[in-house]
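Me: I have a structure open and would like to talk through parts of it before I set anything up. Can you take my questions as they come?

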Amino acid sequence: MRVRRQKLQRLNELGVNPYPYNFKRTEYSTNILAEPNKYIGKEVSVSGRLMAIRGMGKAAFAHLLDSKGRIQIYVRKDQIGDENFEVFNLFDIGDIIGVSGEVFETRTGETTIKAAKIELLSKNLRPLPIVKEKQEGDKKVVYHQFADKELRYRQRYVDLIVNPEVRAVFVTRSRIISSMRRYLDGRGFLEVETPVLQPIYGGASARPFVTHHNTLDMDLYLRIADELYLKRLIVGGYDGVYEISKDFRNEGMDRFHNPEFSMMELYVAFEDYHWMMLLVEEMISSIAQEVVGEMKISNQGREIDLTPPWKRVTFFDIIEEYTDKNLYGKELEDLKKAAKDLNIDVDPSWRQGKIINEIFSEKVEPNLIQPTFVTDYPIELSPLAKKHRDDPKLVERFEPFILGGEIGNAYSELNDPLDQRERFMAQKKLIELGDEEAHVLDEDFLRSLEYGMPPTAGLGIGIDRLVMLFTDQPSIRDVIFFPQMRPEDK
RNA sequence: GAGGGUAUAGCUCAGCUGGUAGAGCAGCGGCCUUUUAAGCCGUUGGCCGAGGGUUCGAAUCCCUCUACCCUCACCA
């Protein structure tokens, strides 16, 4: 870094502003490389970061990286002049520069810009990790890869400069979200915003973050879900509302969990969960079509076919399929025995719902590779879902599974205010028993239901996991720009 | 929270059963006007994650701490 500061000084002496105000680019690297014949012989201006320099005395080749890709430039002393060449010799890898010149093809056939003028746009003072690549036939061999995960997450800007495939993952993420938004807008749903800071948190089973408002002198919670506010909007008379936003859950972190994560929630009046299943498979497959170009995606070496219709199985049927045990309507003791038979450890304090859920996640979930809707969950697990029309022990709920992971959650929403109050009371008992994640009673939400909420279908989709699926990334940290990290020690 | 792993130059890594720190790339100085992991010659660079201990002597052995990764637990 000391050397680079000296170069800065030298540049100043030469009358070069190392941090000028703008540069007029005429082309992106990729435009030129896509149609070389159209550009050869033409003047272009490009700008970007210097990623490699191969000097040869009075001439040099270099590679310039812009937001779309990289292109080679060729700098000759007799072309740009002595003064400009002296400035060029003060450039380092990592500098941001602008180049104007004519496009040509080198002896080895690489489309290249012959610089007529080259200027510094921003001086780099901190050396970049140097990554070298070599084309061997079809394979690209990468040398000195910048691979330290900790550094990559903490200094994502460096990761993005140096690892083009990381940049691509986040472009895909953005496309997935905009495709989803386009789909939902196209169906006439209204995108809305509801409070992040909530006096009572609700809509999911999770521990919240607590914060404090000084003027009101009260604690507020960062939302763990949007659900209860969005349903209030359905009470208010909108037919369909959705929100794409961050939720916050104060829980452990691993490759599927980040304390803040992105969620899409959708509520549609006068529909039920059967209708919502059709929407989910249509929406996800249309996103695939737009983003990937087809209904098939590959992940972890496996091919996933998203073409509707997806398989549908009921919760208890699929458990029986994988365990040979019918758990429907079983009492606590029977369930404990079943869990024991299946080698699943059960905490003595667990109740029916928890044990069944554990058996499901252990024995069934990992097997749900191709898209599958699991439907009709036991009532204890779902305090906000409507009772099944044919069976009061169940609720009308489904979860879509892909690659052994759940990517969403949906119900026919409970709109009976008396039933909802009873469910809250049952949750209250769980809280008293020490369950820190049970739902908290929300009196204002109940009041809204008492005014009358139409029959409603609701859906939540975990955006981060959907992106992991589409981009074949193994960890949620690879699809979030700045994943939560412990502070760096100084 | 438990177990395992990793931490050495700007980057990627080597360093044996303890003997006083190494390579490639980058950097710096030369040579070089079609190279592409450019090449050739020369050269700088290190609190070996932090702290403590054992030892004549520690990057190496022991303990503590910190961060990250993996697995499990908790958890959508």
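Me: Confidence to begin with, then: what is the mean pLDDT of chain A?
Reply: The mean pLDDT of chain A is 91, and 98% of its residues reach 70 or more. For the complex, the predictor gives an ipTM of 0.88 together with a pTM of 0.92.

Me: And which elements of chain A have the lowest and the highest mean pLDDT?
Reply: Strand 7, residues 139–143, has the lowest mean at 72, whereas strand 8, residues 190–191, has the highest at 98. Where pLDDT is low, the predicted coordinates should not be read in detail.

Me: On to strand 19: how many of its twelve residues are buried?
Reply: Ten of the twelve residues in strand 19, which covers residues 391–402, are buried, that is, under 20% relative accessible area. The strand is therefore largely enclosed by the rest of the structure.

Me: How many bridges join strand 17 to strand 19?
Reply: Six bridges join strand 17, residues 372–378, to strand 19, and the two run antiparallel. Within that pairing, Val374 stands opposite Glu399 of strand 19.

Me: What about strand 18, how many residues lie between it and strand 19?
Reply: Two residues lie between strand 18 and strand 19, which form a hairpin. Strand 18 spans residues 387–388 and runs antiparallel to strand 19, with two bridges joining them, and Lys387 has Val395 as its bridge partner in strand 19.

Me: In the hairpin of strand 19 and strand 20, which residue takes a positive phi?
Reply: That is Leu403, with a phi near 55°, in a hairpin that has two residues between the strands. Strand 20, residues 405–406, pairs with strand 19 in the antiparallel sense over two bridges, and Phe401 has Glu406 as its bridge partner in strand 20.

Me: And which residue of strand 21 stands opposite Arg397?
Reply: Tyr411 of strand 21 stands opposite Arg397. Strand 21, residues 408–412, is joined to strand 19 by two bridges, again with the strands antiparallel.

Me: Changing topic, what volume does the second largest pocket have?
Reply: The second largest pocket has a volume of about 420 Å³. Of the 14 residues that line this pocket, the closest to its centre are Arg54, His63, Arg70, Lys132 and Glu133. The elements giving two or more residues to the lining are strand 1 (43–55) and strand 6 (132–136).

Terms used: Residues are numbered from 1 along each chain as its sequence is written. Chains are lettered from A and ligands numbered from 1 in the order in which they are written. This is a predicted model: local features need pLDDT of at least 70, side-chain atom pairs count only at pLDDT 80 or more; totals for chains, interfaces and linings use all residues. Side-chain values use heavy atoms; hydrogens and water are left out. Buried means under 20% relative accessible area, exposed over 50%, partly exposed in between (1.4 Å probe, protein chains only). Helices (H or I, at least four residues) and strands (E, at least two) are DSSP runs, numbered from the N terminus. Two strands pair if DSSP finds at least two bridges between them. pLDDT is the predictor's confidence in each residue, from 0 to 100. On a 1 Å grid over the protein atoms alone, a cavity is a set of points where a 1.4 Å probe fits but cannot get out, and a pocket is an open set with protein on both sides within 12 Å along at least five of seven lines; lining residues have an atom within 4 Å of a point. Grid points are joined across faces, edges and corners, and a volume is the space filled by probe spheres set on the points.
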